Every structure is written in structure tokens, then in C-alpha cells.
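Subject: Structure handover

Hello,

Here is the structure for you to look through. Please open it first, then read my notes below.

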Amino acid sequence: MSTVRNQVIRDQDHALHLLRQMVRVRRLEEKCIELYSAAKIRGFLHVYIGEEAVAAGVMEALEPDDAVVATYREHGHALLRGVSAGAILAEMYGHAEGCCRGRGGSMHLFDADARFYGGNAIVAGGLPLAVGLALADRMAGRRRVTVCFFGEGAVAEGEFHESMNLAALWQLPVLFCCENNLYAMGTALGRSESQTDIALKAAGYEISAWAVDGMDVLAVEEAARRAVDAVRSGGGPHFLELRTYRFRAHSMFDPELYREKTEVTRWMERDPIALLQGTMQAAGQLPEDTWAGLTADVDAEISAAVGFAENGTPEPVSELLRFVYSDPPDAGGAANPGGAATPGGGAGKEGAAG
Ligand SMILES: Cc1ncc(C[n+]2csc(CCOP(=O)(O)OP(=O)(O)O)c2C)c(N)n1
């Protein structure tokens, strides 16, 4: 088995933690696929399998107050940001116990308490949102960082360029993390971009940018810490191009005619979980029973989450207008957080039922 790097991992407990985080994401999504196939989960489902080292490494560099913005391939980001597996699965079931009361589903996970701002289904849609969050922090004098994850498909969008420009012009505290898995649905990067070096595109906006091996969680964490520290200490926006690969189809509906099976197999040889596991085992840092204990714990977490989601309840139809509009302050929004608000300003449960 190949190793992450020819090195002995200095902090064994931390390496084990990273391994656990990646396994949590992998097992959660393997379960999602199973539940989707059993028609328990409906709608779209995009899994992150193969890319786990990116979210696992970057999240380590963040403080609880920092903000995270992600794409529709965000189950792992939400989980590692502290949204429970139960709240994620209940969301996919369309149950009220989900992190968005079952209204968003797989592509729209959101949790304001965790400062997790989606779950954005529109390609590149998260970038201006991240720039806005960073601008708000700058204006309020808060030393927070906003991290924005997006696929390389986003660089073809105008929103990408507008966001790079404003973040650099205003020196905003945002870290852009491009998850370059080489394909935007069925379109290979080289078929849509004249310049395929994405870090170079960001550098064109005077943003410090560099590429990282996105299959090596230690390398990702190291790069993310360096970038986040620079952003937090006033160094303006930074950009990481994380070179990675998705092992599964784009979504549950994708015959994968655009890539060779041998290419997929080649990348699977650098599975981020197996790489770290192999390195630790080779260094005598992962005894068999430690690994068995880790996987058993994760399996228990996921099966408890499935139970939680299964036992959830759909929202009653009478509640569906709640939260569609926020309560205007003069309608007593703070005092009536559950009350429905109409565009005209009327609030109250009767309004919701109507
Ligand atoms: C503005 C917009 N255009 C098109 C789509 C349809 N679409 C959904 S996913 C996707 C590919 C995006 O690829 P990438 O950004 O590389 O992310 P990945 O799926 O590889 O993680 C496209 C074109 C969309 N959601 N939004």
C-alpha cells in the first residue's frame, strides 16, 4: 500500500482524529447511497467519496466562529463543521428534525449556529455569499475567516471572477478552496478552460494562491493552516486549488461516459483514507484493534443517525409557510420567532395556515 509521505507522523492522536473524520464522511455517504437506492431519500444526491481529505484537512484550520460556504456536494463539510449526522440524514428524508426542517434536502444543508452557510445548488453561487460574509466581518471589525468551497466548474462563471476581484480589491478575510476534481458533470476541465492552472487564475487577481495534493489530508491541513493564519492576520484573501478526484458518478443519475474506468482506478489507488491508514500502519501507529474500534464507533454513529432520521416526522402542511419570509422587526419578529410573516408584514399562525 502506498503511503501519504515517507514520514513518521509526529502527532499520532491528531492523525487518528483526521482518519476518523474522513471515515465518518465516507460511511455517512455510503449509507446515503444505500438509503437513496431504497428510495428513502429522494431528489438529487451528490457524494464526496474520494474527496474527503479536502474538507477534513481544511476544517482543522478553522475556529468555531469562522464561516463555511459549500456546494451541493456538502454532506461531509456539514458533518465536519458540527452538524450532526442525524440532522443531515433527517434533512434528506424531508423530516422536520432535519437541519432545515426537511425543506432543503441534500443540496441545501444549512446551520446558522454552526456558521455553515450551505449547501448551494447554483454553481459558483456560494462565492459572492462568502465575499459578503467576509465583508460583513471586516466592517464589524471581527477577526473571523470565511472559507468558501467550490468545484473547478465554478471558474467558468462570472460570479467567480466578480468575487475574486472584489475580495482582492477590498482585501477581505476569505479563503477560497477550489475542489478541483477535474470534471464539471461530464465536462473535463481541459474542454472548457483555455488556462487549466486554476491557482494561476486566482493569482491574476493578485490573490496568493497555490495548488495542494488534495488526496493527502496532512498536506491539506498544513496548507489550510498557513492560508487561514495569513487571512486572519489581515493578509487579504487566499486561494487553495485542491487537486482531488471523485470516485463516484457526478450524482445518482450519471452513466459516466466521459472518463475511462482505468483513470478512476488509478485515482482510487490514492484513496485519501487508505493513504493515511497505510502511512500510520507502516509506522506502527495504527494497531489492528485501534482501527477496528474507530470503524465500530463510526458505524454506531451512523446507525444511530439513520434511526433518528427514520423516526422523524414530515412537517404538517399548515406549517409550510413559516420561515418563507423573515418577520419584519416592527411585527414583533424577535418576540414571535415561530410566527409566519407575509410579504405585506402580517405575522401569526393564522397567516401560516392561510
Ligand atoms: C449556474 C449553474 N449552471 C449549471 C448548473 C448545473 N450543474 C450542476 S453541477 C454542475 C457541475 C459543476 O462542477 P464543479 O463545479 O466542478 O463541481 P463538482 O460537481 O465537480 O463538485 C453543473 C454544470 C448549475 N447547478 N448551476
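The mean pLDDT of the chain is 91, and 91% of its residues reach 70 or more. pLDDT is the predictor's confidence in each residue, from 0 to 100. Over residues 333-354 the pLDDT is below 50. That stretch still has 37 contacts in the model beyond near neighbours in sequence. Two residues are in contact if their C-beta atoms, placed from the backbone, lie within 7 Å.

Some ground rules. This is a predicted model: local features need pLDDT of at least 70, side-chain atom pairs count only at pLDDT 80 or more, and totals for chains, interfaces and linings use all residues. Numbering starts from 1 along each chain, as its sequence is written.

Domains

The chain splits into domain 1 (12-315) and domain 2 (317-354). These bounds come from an automatic or database domain assignment. Taken over C-alpha atoms, the domain centres are 34 Å apart.

The ligand

How many residues surround the ligand? There are 15, and the closest are Val-123, Gly-151, Gly-153, Ala-184 and Met-185. Near means that the C-beta atom, placed from the backbone, lies within 6 Å of the molecule. The shell holds seven nonpolar, five polar and three charged residues. Ala, Val, Leu, Ile, Met, Phe, Trp, Tyr, Cys and Pro count as nonpolar; Asp, Glu, Lys and Arg count as charged; the others, Gly among them, are polar.

Met-185 has another feature. Its phi is near 50°, a positive value in a residue other than glycine. Most residues other than glycine have a negative phi. Met-185 sits in the loop between β4 (183-184) and β5 (187-188). Helices (H or I, at least four residues) and strands (E, at least two) are DSSP runs, numbered from the N terminus. Is Met-185 buried or exposed? Met-185 counts as exposed because it has 12 C-beta neighbours inside 10 Å. The cut-offs are 20 or more other C-beta atoms within 10 Å for buried, 12 or fewer for exposed, and in between for partly exposed, with C-beta atoms placed from the backbone.

Arg-115 also has a positive phi, about 55°, and is not a glycine. Arg-115 lies in the loop between α4 and α5 (126-140). With 19 other C-beta atoms within 10 Å, Arg-115 is partly exposed.

Strand β7

Look at strand β7 (residues 238-243) next. Six of its six residues are buried. On one side are His-238, Leu-240 and Leu-242. On the other are Phe-239, Glu-241 and Arg-243. β7 pairs in the parallel sense with β3 (residues 174-180) over six bridges. Strands pair if DSSP finds at least two bridges between them. Here Cys-177 stands opposite Leu-240. β7 also pairs in the parallel sense with β6 (residues 208-213), over six bridges. There, Ala-211 has Glu-241 as its bridge partner.

Two helices

Helix α11 (residues 272-282) has buried residues including Ile-273, Leu-276 and Met-280. Their cover includes α1 (12-37), α2 (52-59) and α9 (217-232). Why is Met-280 buried? Met-280 is buried because 23 other C-beta atoms lie within 10 Å. Beyond four places in sequence, Met-280 touches Ile-9, Ala-15, Gln-285 and Leu-286. Just after α11, Gly-284 takes a positive phi of about 70°.

Met-92 belongs to helix α4 (residues 85-93). Met-92 is buried, with 24 other C-beta atoms within 10 Å. Setting aside neighbours within four places, Met-92 contacts Cys-32, Ile-41, Gly-105 and Ser-106.

Best wishes
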